[in-house]
Amino acid sequence: MIDQAVATSMRSAFDDIEEAYEFMLAYAAQGRRSEGPGGAGPSQIRQFLEQFGRAADLLSASLDGMSEGDAASGFRERWLDDLAAVRSIIDMLLAQSSITSEMVDNTNGLIAMRSFLTDIFFADHVMLPRR
C-alpha cells in the first residue's frame, strides 16, 4: 500500500497533469499555426508542457520507490512505460521552435497519452488510499 505522504504527492502531480492537459485541449482548438505574436497572440503552451513534464518526473520517482512484489507491480511497470513515452513526447514538443495547435492536437490523440491519463485515473481510485 502507498503511504499517505506519497499519495498526496502523487495526487498533486495528477492535478498538475490534468491542468496542463486541459490547457493542451484548449490550445489544440485554437487553430494556431505558430506560437507567439504571429500565432494569434502569446501562448502559455510551453509553461503547461513544462508543468506536465515536472509532474511526470515526480510520478516516475514515486513509482520507482514502490515495492516490486505487490499486486500492483505489473500495472506499475506498464505505467512506467507509458510515463516514459509521454515524457518523451512532451520533450519532443518542447524542442520545437514553434508549437502549433495541430502538433498539440495530434499529441492529445496519441494512444500513449490516452493510456497514461487512464493510468492516472485508475491509480487514483484503485492504488492510492481513499481521499
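Tutor: A nonpolar core is a set of buried Ala, Val, Leu, Ile, Met, Phe, Trp, Tyr and Cys residues joined through side-chain atoms within 4.5 Å. Buried means under 20% relative accessible area, exposed over 50%, and partly exposed in between, with a 1.4 Å probe and protein chains only. The model here is predicted: local features need pLDDT of at least 70, side-chain atom pairs count only at pLDDT 80 or more, and totals for chains, interfaces and linings use all residues. Residues are numbered from 1 along each chain as its sequence is written, and side-chain values use heavy atoms, with hydrogens and water left out.

Student: Which residues touch the most other members of the largest nonpolar core?

Tutor: Phe52, Leu59, Trp79 and Phe116, out of 36 residues. Two or more residues come from each of α1, α2 (45–64), α3 (73–94) and α5 (111–127). The biggest share, 11 residues, is from α1. Helices are DSSP runs (H or I, at least four residues), numbered from the N terminus.

Student: What is leucine 59 in contact with, beyond its neighbours within four places in sequence?

Tutor: Contact means heavy atoms within 4.5 Å. For leucine 59 the partners are Met10, Ala13, Phe14, Ile17, Trp79, Leu83, Phe116 and Ile120.

Student: How do I read the angle between α2 and α3?

Tutor: Axes are lines fitted to C-alpha atoms, for helices over the stretch in contact, and angles run from 0 to 180 degrees between N-to-C directions. Under 35 degrees is roughly parallel, over 145 roughly antiparallel, 65 to 115 roughly perpendicular, and the rest oblique. The α2 and α3 axes cross at roughly 155 degrees and come within 10 Å. The pair is therefore roughly antiparallel.

Student: What classes of residue make up the contact of α2 with α3?

Tutor: Ala, Val, Leu, Ile, Met, Phe, Trp, Tyr, Cys and Pro count as nonpolar, Asp, Glu, Lys and Arg as charged, and the others, Gly among them, as polar. This contact has 12 nonpolar, two polar and six charged residues. Among them are Phe52 and Leu59 in α2, and Trp79 and Leu83 in α3.

Student: At what angle do α1 and α4 pack?

Tutor: About 130 degrees, with the axes of α1 (residues 4–28) and α4 (residues 101–109) 8 Å apart. That makes α1 oblique to α4. The contact holds six nonpolar, three polar and one charged residues.

Student: Where is asparagine 106 found?

Tutor: In helix α4. Asparagine 106 counts as partly exposed because its relative accessibility is 49%. From glutamine 44, asparagine 106 is 62 residues apart in sequence and 18 Å apart in space, C-alpha to C-alpha.
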